[in-house]
Amino acid sequence: MLLPWYALQEGLDSGAWLGGLWSSEDYGSGFAEVLAQGKWWLSPALLALMGCFGLSLLPIPRERRGTCLAFVAGAGVVLFAAQAWGIGLRGWTAGWLTALFGEMESRQVGIGAGAAVALIALLSLLSIGLALRGAFGGDAFVAGAVTAVATSILLFTAWPILRILLQAFQNGDGAFEPALVIERLSAAKIWSLRCLSGSGRCGVAWNTLFLAVACGAGTTALGLAFALIVTRTSFRFKKTLRVLTVLPIVTPPFVIGLALILIFGRSGLVNQLLEWSLGVPPTRWIYGFQGVLLAQLFAFTPVAFLVLIGVVEGVSPTLEEASQTLRADAWTTFATVSLPLMRPGLANAFLVGFIESIADFGNPIVLGGDYGVLSTEIYFAVVGAQLDYGHAAALALLLLVLALGAFFLQRRVVGGRSYATISGKGDAGLPVPLPKGARRWALSVALPWATFTVLLYGFAFMGGLVKVWGRDYTPTLDHYIKAFAIERSASGLIWSGAAWNSFWTTVTLAAIAAPLTALLGLLAAWLLVRQRFVGRAALEFATMLSFAVPGTVIGVAYVFAFNIPPIEITGTALIIVICFVFRNMPVGVRAGIAAMSQIDRSLDEASATLRGRAPQTLIHVVLPLLRPAMVGALVYGFVRAVTTVSAVVFLVTAEYELATTYIILRVINGDYGLAIAYSSALIALMLAAILLIQLAVGDRRLGRRAAQLQGSRA
Amino acid sequence: MSVEFRDVVKRYGTTTAVSGISFTVETGSLVTLLGPSGCGKTTTLRMIAGLELPSEGRILIAGRDVTRLSATERDVSMVFQSYALFPHMSVLDNVCYGLRRSGHSKEAAAQQARAGLAQVGLAGYEGRQPSELSGGQQQRVAVARALVLKPSVLLFDEPLSNLDARLRRQMREDIRELQQALGLTVVYVTHDQQEAMAVSDRIIVMNVGRIEQEGTPRDLYERPATPFLARFMGESNPARAHLHRLDPQRLRVQLGPATIDIDNGTASDGEATVAVRPEAITVEAAPGPANALPGTVVKASYVGTHIEYSIETEAGTLFATCPQVDRPLAPGAAVALVLAPRGVIVVESR
């Protein structure tokens, strides 16, 4: 044990700990802490480690050794966790522990490098033990991977969310008061329905729900119109419509809101035009429900489109042809066959819109005005003057319940009833063109919408190129210069622009997080698709669940969970990276699962029977075949890390400021020019990154690869 | 003994795929696991490979207990139904894969791989991609890839099911030839009874997770122990008959008005189910010989090499194949059926 057990104030790279490994309480290694500092509670973990080492030397049969190893290492892990959570900064963390063991003189801070290594070693030994007993197909690598993925999800997704639950039940001093959560959740501010009678404002819970339902319905209708046009008409600009789907991925979520302000805001174009031509005084009508809804519709329609295009394409043309041979005309076929077949997909799209809406933070904070929703309310409870963590936790709990409720509803309603009719069998039918009425409806909805989206982005871009929007339309590059100025001086280049600091932090942290996201996601996907082990269903459920948890909730949860020992990382870059990784990992998992289910399972098995161990199989067989998915996960991990707001808004510090949070602060301060200039630069950067990668991947002729996979099977 | 199963059980959750089977495979022999789909034969094969671990019981390979070992740690290799050639590697790289993983140098691996490819008649194809080969060639690459590791047991999982009929016969002869020339121990899985009979030293017939019967191809065809086996190994007509023992070796089977004396030392007197092979029925114009079974033709289909008849008799509707195609009998014709003793099998007696 050559590393300091506890976390260091000044970081591991300072080297100051080298001299204090034995003597100092702060810098001591695990053994030193036990022997010299009398921290007896650390000894079980270390003894377990030594025990396992001893076991591996004993000449005992394989299975018995596995059992012993698993038992000893498992006990070590449990005792490690017990001491880590049981003993905190001020001795025992709970009253009953003090009562049981007497007063604790000593204290301990967060775990450091030494403790982390010890924990990892114990977990690896545990998995080796289990593998020796024949679990996980007898493969130690698989066992280790499962343990690693499960532990990290437990620590960085499940534990923080559990912590929120706890926090909601605690009062300001950390005491447990179950009544408090009821009091917090029954406040009039949350549940009031006065807006319906016209005598005041509704509670934030209702606000959130109304908005989410409207957003879900709106995006579904719009998405369906787009999907029908692209798949079932001979509309000429289909390709252009598809480009729209890329936009929301690269756009920080509040940019639409900003653009709407430029058009409809107090000093926006519309208001100015009205004032100039009719003398109507400028209004603030864009701020509130209608503004947020509008922004969300623009932002999330592409997502619904992506969901629905798969659904519409999945309706088998043969079924429609069958309907037509049974004397049904085009419209009857559409109404009685095609639409009912799409129904599960429509429900899916609605719920996606619903979840996106309640999780959205950027648009409500920019456009909400008095119309508070849960995510903004949580933000103000944590960041604002109230500083009421309990209140924030209770609201986050409510938001979580809403999101999970929608998630479960989706699985219950849609899960078992997918009519997607794409199968291995050739389907020779031709899609039936849309009946006239439906076609006219789709076009009349979708086209103006698409035009407006383009306009919005155009204005958003132009907003960064004029002096002061609404007052002085002189073209200028001032905002860009202010943000991205580089000065040449005697000592070399100086990055003097206001945005550089947050820009580089964002890019660096995102670049660190993206490979980790892709790796962990694909590893989890590989385990879920290819390996059979106890708890597989639970693991799959856990990864999918974190999909549904709104970013705001994750952010708050991280603040609560990681600002006290044993894992004390609030305010560091580490917590932001971890947040990025575990927020975006489900995407990697999904991409991996989708790609992996197209690769014949017997390829893995062939490698195994050819003496390829699991890691070799991964490197030589699975990863080369998964390269497109891997690239996708990488890009997505990077882009999402750059554009995310809701989760990290609680985690940033002056030292580690991120681009999006920096922009949001500029917007809240009314400094639109700089914010817009910065956003445009970000969008351009992301677009360039995506295009570059698409070119690189496109060159690998995926069609041929698919043909090869088929060929080797045929 | 190369492979030994001792009371092996495999359960998935609550369903039992394999329920307590024991068998041994002698070194240098080709043993086939045969059965309808879902009978547990592929699960059994995968347990030999180590791709599935048994829920209960022991598995020994070459005398060593491998019950808990993963596929990688066992000295077996497998030819997959889909061939499972790595699509991103050349033919040579595919064959080298296992050699490289077991620690051979690049040159040594390539040399052995070339020899292996030559053995299956694919010298000169080293640089091709799997997608550039025909189905039969891919199959050979898969065999070479498994062969070069010189495993104690070579496993085949329905290796011919993706080939057309003509190629199938060719490949199964090649596999048998290679197995006998190299003295390989092979466990082979198929659901095709003819294929099994053509390649095997011994056949293990499985049904719903159990071993139904085990023996040489001739044993199983001529002396099926159960009605299932009589049905599964070739065509057969089940019929109720009366048995009467003539002496310790001979048995008289009374099938309606017809009597057939067969060799049988075990069945006892009384009612029993017998199986009649369609090729053992000679169809003659009525009235025919004295011990013949009278009947009426219901259906007649000409299939080239023979004519298939459905004939209604006192013992039930019998299916018969008749090699005389010159004078087909029309439906409604009265016929007399002569049953050859070797095609009448007692499968169940009470």
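1. Polar contacts between the chains: there are nine residue pairs in polar contact between chain A and chain B, both residues at pLDDT 80 or more. A polar contact here is a pair of N or O atoms within 3.5 Å; within protein, one must be able to donate a hydrogen and the other to accept it, and residues adjacent in sequence count only if both atoms are side-chain atoms. Bear in mind that this is a predicted model, where local features need pLDDT of at least 70, side-chain atom pairs count only at pLDDT 80 or more, and totals for chains, interfaces and linings use all residues. Residues are numbered from 1 along each chain as its sequence is written, chains are lettered from A in the order in which they are written, and side-chain values use heavy atoms, leaving out hydrogens and water.

2. Salt bridges: the rule (a side-chain nitrogen of Lys or Arg within 4 Å of a carboxyl oxygen of Asp or Glu) finds two across the interface of chain A and chain B. B:Arg46 and A:Glu605 meet in a salt bridge through their side chains, at 2.6 Å, N to O.

3. The contact itself: chain A puts in 33 residues and chain B 39, with contact meaning heavy atoms within 4.5 Å. About 3,100 Å² is buried between the two chains, and carbon and sulfur atoms give 55% of that; buried area is the accessible area (1.4 Å probe) that two parts lose on being put together, summed over both.

4. One residue to look at: A:Tyr558 touches, among others, A:Phe156, A:Pro160, A:Ile575 and A:Leu651, not counting residues up to four places away in sequence.
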